[in-house]
Amino acid sequence: MREFAMCFTSTPRGARLARRLVSHRVNDWGHPYPTPVNETVTLIAAELSANAVRHGHVPGQDFHVRLTLAEDTFRIEVTDARPERGLPSPPPTQDTASESGRGLRLVAALADGWGVAPCPAAHGKTVWAELRLTPPVAPALRAPGSRPRSSDRCP
């Protein structure tokens with residue numbers, strides 16, 4: 001398992017730094033910057049970090065980012081210091097003129113799973129998201145006219 005964890009100041013600058021460092025780490029772990037995997041993990045981390053700063057800020061308290069890659073799954077966890085602020089319910093209709101309110105919709109659309117867990121030890125909450133990597137399926141190379149092997153057929 002690979003892991004990156006760091007505390008950031010609960011400011012917009014801290015959220016930007018978290019996004020950049022997550023992107024660098026994903027690149028270092030074999031998923032280059034312009035790839036969909038790097039862009040997706042970075043976007044999820046950016047949205048969760050921005051939410052921690054905007055909705056989970058407690059003066060004098062940092063937020064914590066933890067990124068892991070285990071087997072074929074990236075897990076992004078962002079812990080803030082405000083336990084009483086649960087996840088907001090998405091508005092029933094999206095206001096296209098609004099500058100906010102889309103972050104969790106993006107996370108839900110991009111992640112394979114996400115949620116929130118209380119963090120009693122730190123008196124806060126952790127919002128997490130997971131992205132499973134699916135290996136690219138390479139077509140089997142066969143001579144023209146040959147019959148497929150039993151392993152090439154669907155069950």
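Predicted model: local features only at pLDDT ≥ 70, side-chain atom pairs only at ≥ 80, totals over all residues.
The side chain of E130 takes part in a salt bridge with R75, in which the closest N and O atoms are 2.7 Å apart. Since R75 belongs to strand β3 and E130 to strand β5, the pair ties together parts that are 55 residues apart in sequence.

A further link of this kind is formed by K125 and D80, whose side chains meet in a salt bridge with an N to O distance of 3.0 Å. Here too distant parts of the chain are linked: K125 is in strand β5 and D80 is in strand β3, 45 residues apart. K125 is buried because its relative accessible area is 7%, and D80 counts as buried because its relative accessibility is 6%.

With a relative accessible area of 22%, R75 is partly exposed, whereas E77, at 14% relative accessibility, counts as buried.

## T79 in strand β3

T79 lies in strand β3. A relative accessible area of 15% places T79 among the buried residues, because buried means under 20%. The side chain of T79 makes a polar contact with the side chain of T126, at 2.6 Å.

Which residues does T79 touch, leaving aside those up to four places away in sequence? They are F63, H64, C119, K125 and T126. K125, one of these, is the buried residue of strand β5 that forms a salt bridge with D80.

## Helix α2

Helix α2 covers residues 36–55. It has 20 residues and reaches 28 Å from its first C-alpha to its last, close to the 28 Å expected at 1.5 Å a residue.

Which residues of α2 are buried? They are N38, T40, V41, T42, I44, A45, A46, E47, L48, S49, A52 and V53. The elements that cover the buried residues of α2 include the helices α1 (12–28) and α3 (103–110), together with the strands β2 (63–70), β3 (73–80) and β5 (124–132). Strands β3 and β5, joined by the R75 and E130 pair, are thus both among the elements that cover α2.

Together with L106 and L110, L43 makes a nonpolar surface patch of about 190 Å².

H55 is also placed in helix α2. With a relative accessible area of 28%, H55 is partly exposed. H55 and A81 are 26 residues apart in sequence, and their C-alpha atoms are 9.9 Å apart in space.

Conventions
Residues numbered from 1 in each chain as written. Heavy atoms only, no water. Patch = residues over 30% accessible without salt bridge, like charges linked within 9 Å, V, L, I, M, F, W, Y side chains within 5 Å. Areas by Shrake-Rupley, 256 points an atom, 1.4 Å probe, with all protein chains shown as cover. Salt bridge = Lys/Arg side-chain N within 4 Å of Asp/Glu carboxyl O. Helix = DSSP H or I, 4+ residues; strand = E, 2+ residues; numbered from the N terminus. Expected span 1.5 Å × (residues − 1). Buried < 20%, exposed > 50% of the residue type's maximum accessible area, 1.4 Å probe, protein only. Contact = heavy atoms within 4.5 Å. Polar contact = N/O pair within 3.5 Å; in protein donor to acceptor, adjacent residues only side chain to side chain.
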